[in-house]
Amino acid sequence: MSTTVDWSRYQRLAIDYWEDGILLIKINRPQRLNAMDAVLHQELSVIWHDVTADERTRAVIVTGEGASFSAGGDLDMVESSLGSHEVVTRLFKEAFDIVQNITNCPKPIISAINGVAVGAGLAVALTSDISIISEDAKFTDGHLRLGVAAGDHAAIIWPLLCGMAKAKYYLLTSEMIDGREAERIGLVSKCVPADQLLEAALSTARRLANGPQFAIANTKRTLNHWIRAATPIFEASLALEMLDFLGPDAREGYNAMVEKRRPVFPSTKGPAA
């Protein structure tokens, strides 16, 4: 009997078969720029198991509903993590699973980055096997703006994609990157005009869905050993990010976001502060 999945249990993801063999996943909180709440973060950590099990799916496109891919963690989720060992322990597992489950899913995953992408949303976008971005889309890892280490995916993925020099620059400064620059430095697979984004993703998905399935899965599996080899780096960065959520800089970063001002991190004032 063919294995199919009931996608209706997902609350924050809109899921449908675009055409034969191609599954379309839309991050679906457009009223909040598709920012992560606890439900969405958890769903993005587990859905790849269902993608693996679903025999109807041969290629996946993941994108954002509306004008944004995903604007990172929403303020409620960020606030809940501050000083909370229980919450950061859960987030550690889910953030680890997002990267590992995309990596280990045998189906090719294409991200269509249609707008702003930050944090865990960016982890999905850049961990995908093929990333196609709109020319006017912008993204940043953004963790250091909040006062926590770049841990969601960046330490494991960025140096592999664009090299250490560019990775250090953009991760340490949290400078925004647009689609053209992301393609120029090799951080994404392809950059196209906004009105061509979904068609470019669909065209690529068709090639993969109609290609040799065992060879595609095996090529993905072998290439992703580069990512698996860097897992200790990833775990360390993720653990240090969660540790920072327990400190005073993250509280100041959150307050600055709420108050729409530049943060003044306590760690800049020295040990006597």
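Guide: Two residues are in contact here when they have heavy atoms within 4.5 Å of each other. Please keep in mind that this is a predicted model.

Visitor: Thanks! Leaving aside its neighbours within four places in sequence, which residues is N101 in contact with?
Guide: N101 is found in helix α3. With a relative accessibility of 12%, below the 20% limit, N101 counts as buried. Once neighbours within four places in sequence are set aside, its contacts are S45, W48 and H49.

Visitor: How far does the backbone oxygen of S45 lie from a polar atom of the side chain of N101?
Guide: S45 is one of the residues in contact with N101. A C-alpha separation of 9.4 Å is found between N101 and L44, which are 57 residues apart along the chain. For S45, the pair to look at is its backbone oxygen and a polar side-chain atom of N101, and their distance is 2.7 Å.

Visitor: Let's turn to N114. Is N114 buried or exposed?
Guide: N114 sits in the loop between β5 (109–113) and β6. Its relative accessibility is 18%, and the limit is 20%, so N114 counts as buried.

Visitor: The side chain of N114 reaches the backbone oxygen of which residue?
Guide: Beyond its neighbours within four places in sequence, N114 has contacts that include T63, G64, A137 and L197. Side chain to side chain, N114 makes a polar contact with T63 at 3.3 Å. The backbone oxygen that the N114 side chain reaches, at 3.1 Å, belongs to G64.

Visitor: In β6, which residue is the bridge partner of A71?
Guide: Strand β6 covers residues 117–118, and β4 pairs with it in the parallel sense over two bridges. Within β6, the partner of A71 is V118.

Visitor: On to aromatic rings. What is the angle between the planes of W7 and Y10?
Guide: Searching the whole structure gives four aromatic pairs. W7 and Y10 form one that is tilted, with 6.3 Å from centre to centre. Both residues are buried, W7 at 9% relative accessibility and Y10 at 6%. The angle between their planes is 35°.

Visitor: Why is the pair of F96 and F234 stacked?
Guide: The ring centres of F96 and F234 are 5.5 Å apart. Planes under 30 degrees apart count as stacked. The F96 and F234 pair is stacked because its planes lie at 15°.

Visitor: How many residues apart are F96 and F234?
Guide: F96 is in helix α3 (residues 85–104) and F234 is in helix α12 (residues 231–244). Both are buried, with relative accessible areas of 17% for F96 and 0% for F234. The pair links distant parts of the chain, with a separation of 138 residues.

Visitor: Which residue lies over the face of Y17?
Guide: The distance to look for is 3.6 Å from the ring centre of Y17. The residue over that face is R56.

Visitor: How far is the sulfur of C162 from the closest cysteine sulfur?
Guide: C162 is buried, with a relative accessible area of 11%. The closest cysteine sulfur is in C191, too far for a bond; a disulfide needs the sulfur atoms within 2.5 Å. In the whole count there are zero disulfides. The distance from the C162 sulfur to that of C191 is 15 Å.

Visitor: Is K190 buried or partly exposed?
Guide: K190 lies in strand β10 (residues 190–192). Leaving aside neighbours within four places in sequence, its contacts are S131, I132, I133 and E183. Its relative accessible area is 41%, so K190 is partly exposed.

Visitor: One last topic: what is the phi of N34 near?
Guide: Most residues other than glycine have a negative phi. N34 has a positive value, and this buried residue is found in the loop between β2 (22–27) and α1 (38–53). K260, in the segment after α13 (248–259), also has a positive phi, near 55°. For N34, phi is near 60°.

How values were computed
Residues numbered from 1 in each chain as written. Predicted model: local features only at pLDDT ≥ 70, side-chain atom pairs only at ≥ 80, totals over all residues. Heavy atoms only, no water. Phe/Tyr/Trp six-rings, centres within 6.5 Å; stacked < 30°, edge-to-face > 60°. Buried < 20%, exposed > 50% of the residue type's maximum accessible area, 1.4 Å probe, protein only. Helix = DSSP H or I, 4+ residues; strand = E, 2+ residues; numbered from the N terminus. Lys NZ or Arg CZ within 6 Å of the ring centre and 35° of its normal. Pairing = 2+ DSSP bridges. Polar contact = N/O pair within 3.5 Å; in protein donor to acceptor, adjacent residues only side chain to side chain.
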